[in-house]
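Subject: Structure for you to look at

Hello,

Here is the structure I said I would pass on. Please open it beside this message and follow along; my notes come after it.

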Amino acid sequence: MKSLNPVAGKTILIIGESGFLSNEAKRALIRRQASIAGPVVVSSAMERLSEGLEFEAVIIDIRISDQAMLWLNDWLETRRIPFVFAHHQQSQAPPGGFVLSGRSSDIDAVAAALFGPDASYYH
């Protein structure tokens with residue numbers, strides 16, 4: 001029976017420092033049957049993307065440099081790969097946007113933005 005969860009069977013690339021993806025967030029995504037690639041640091045991600053790493057969506061740490069953010073934004077939009085910028089639960093990021101945590105509501109919001117019925121969301 002096919003899962004009704006929008007992330008089921010999808011590979012999600014995580015771009016950010018190692019502390020960006022908490023164990024709780026990783027477990028929450030895996031419970032929803034997602035495969036996780038990463039986290040990879042920005043410089044490595046740029047190289048790996050150019051080499052053809054396979055994934056269906058990307059979650060990017062909002063704390064990356066502006067230059068990297070613009071490059072990733074352009075690269076992913078050109079290929080119509082859904083992505084969101086997020087911060088982790090303990091970060092000092094400004095309120096708003098997506099939170100990458102183990103809370104169901106946070107994971108559901110990210111999943112809906114990446115794979116929900118309005119698939120036009122690319123950032």
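**What was found**

Strand E3 and strand E4 (residues 83–88) pair in the parallel sense, with four bridges between them. Please keep in mind that this is a predicted model. Within that pairing, Ile-59 stands opposite Val-84 of E4. E3 also has a partner in strand E1 (residues 11–15): four bridges join E1 to E3, and these two run parallel as well. Two of the partners in E3 can be named: Ala-57 is the bridge partner of Ile-12, and Val-58 is the bridge partner of Leu-13.

**The whole chain**

The chain has four helices and five strands. Along the sequence they follow the pattern β-α-β-α-β-α-β-β-α. Of the 123 residues in the chain, 44% are buried. If you take the contacts between residues at least 6 apart in sequence, 65% of them join residues at least 24 apart.

**The sheet**

In what order do the strands of the open sheet lie? The order is E2-E1-E3-E4-E5, five strands with parallel pairing. Strand E2 (35–40) and strand E5 (98–100) are the edge strands, and each of them pairs on one side only. On average, neighbouring strands of this sheet are turned by 35 degrees against each other, with direction ignored.

**Strand E3**

E3 covers residues 57–61 and is mostly covered, with five of its five residues buried. In a regular strand, side chains alternate between the two faces of the sheet. You can follow this residue by residue: Ala-57, Ile-59 and Asp-61 point one way from E3, while Val-58 and Ile-60 point the other way, and all are buried.

E3 is also part of a right-handed β-α-β unit, together with helix H3 (residues 66–78) and E4. H3 lies across E1, E3 and E4, and runs at about 145 degrees to E4. Helix H4 (residues 104–115) packs on the sheet too, where it touches E1, E3, E4 and E5. The direction of H4 makes about 120 degrees with that of E5.

**Helices H2 and H3**

Two packed helices are described by the angle between their axes and the distance between the axes. For helix H2 (residues 42–50) and H3, the axes come within 11 Å and cross at roughly 25 degrees. An angle under 35 degrees counts as roughly parallel, and H2 and H3 are therefore roughly parallel to each other. The crossing in which H2 passes H3 is left-handed. On the H2 side the contact is made by Val-42, Met-46, Leu-49 and Ser-50, and on the H3 side by Ala-68, Trp-71, Leu-72 and Trp-75.

**Leu-114**

Leu-114 is a residue of helix H4. Is Leu-114 buried or exposed? Its relative accessible area is 3%, and since buried means under 20%, Leu-114 is buried. Leaving aside neighbours within four places in sequence, Leu-114 is in contact with Ala-57, Val-58, Ile-59, Pro-82, Phe-83 and Val-84. The C-alpha atoms of Leu-114 and Ile-81 are separated by 8.9 Å, although the two residues are 33 apart along the chain.

**Backbone details**

Most residues other than glycine have a negative phi, and most peptide bonds are trans.

- Gly-38 and Pro-39 are joined by a cis peptide bond, with omega about 15 degrees. Pro-39 is in strand E2.
- Gln-33 has a positive phi, near 70 degrees, and is not a glycine. Gln-33 lies in the loop between helix H1 (23–31) and E2. With 46% relative accessibility, Gln-33 counts as partly exposed.
- Arg-80 also has a positive phi, about 55 degrees, without being a glycine. Arg-80 lies in the loop between H3 and E4. With 57% relative accessibility, Arg-80 counts as exposed.

Regards

Notes:
Residues numbered from 1 in each chain as written. Predicted model: local features only at pLDDT ≥ 70, side-chain atom pairs only at ≥ 80, totals over all residues. Heavy atoms only, no water. Buried < 20%, exposed > 50% of the residue type's maximum accessible area, 1.4 Å probe, protein only. Pairing = 2+ DSSP bridges. Right-handed = clockwise from strand over helix to strand, strands pointing away. Axes fitted to C-alpha atoms, helices over the stretch in contact; angles between N-to-C directions. Parallel < 35°, antiparallel > 145°, perpendicular 65-115°, else oblique. Left-handed = near helix turned anticlockwise from the far one by under 90°. Contact = heavy atoms within 4.5 Å.
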